[in-house]
Amino acid sequence: MDFSNIIGISANGMQSQAARLRIAAENLANSDTTGSAPGADPYRRKTITFKEELDRKSGVSSVKVKEIGYDKSDFQMHYDPAHPAANAQGYVKMPNVNPMIEIMDSHDAQHAYEANLNTMQISRSMLTRAINIMKG
């Protein structure tokens, strides 16, 4: 495997983890976003899935975003009869976002992003050394 393949794989990994961080941040930012009318649905948590993609020319596999979807779990009901989105019984549908899960997911994505960045930096350093040896 050549250095350009390693750098490409790391770049794809970084792009995928950056997308994962964006989704977690969006979920966290909307963890209290309710509907605006009585009985309306609140923000629905987004999910992200990945796929392995093979570059047929080089024979190298890397990761890509497969799909950004929605968590189909139930909304929690919160009693707040004064809320504009409260139903006739006084309950408001709350987003199906668990902030702890989003924080843990963002930490996990951050570590994976950093690992890919380190791999890219090490590969670049090795390539630079190899070029210097060939010059020398």
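Arg20 pairs up with Asp105 in a salt bridge, and their closest N and O atoms sit 2.6 Å apart (the term means a side-chain nitrogen of Lys or Arg within 4 Å of a carboxyl oxygen of Asp or Glu). Because Arg20 belongs to helix α1 and Asp105 to helix α2, the pair ties together parts 85 residues apart in sequence. In total, the structure has 7 salt bridges.

Keep in mind that this is a predicted model, where local features need pLDDT of at least 70, side-chain atom pairs count only at pLDDT 80 or more, and totals for chains, interfaces and linings use all residues. Numbering starts from 1 along each chain as its sequence is written, and side-chain values use heavy atoms, without hydrogens or water.

Here are the two helices (DSSP runs of H or I, at least four residues, numbered from the N terminus):

| Helix | Residues |
|---|---|
| α1 | 3-29 |
| α2 | 99-135 |

They pack at about 160 degrees, with axes 8 Å apart (lines fitted to C-alpha atoms over the stretch in contact, with angles from 0 to 180 degrees between N-to-C directions). That makes α1 roughly antiparallel to α2, a label for angles over 145 degrees. Their contact involves 19 nonpolar, 9 polar and 4 charged residues (Ala, Val, Leu, Ile, Met, Phe, Trp, Tyr, Cys and Pro count as nonpolar, Asp, Glu, Lys and Arg as charged, the others as polar).

Conventions: Parallel < 35°, antiparallel > 145°, perpendicular 65-115°, else oblique.
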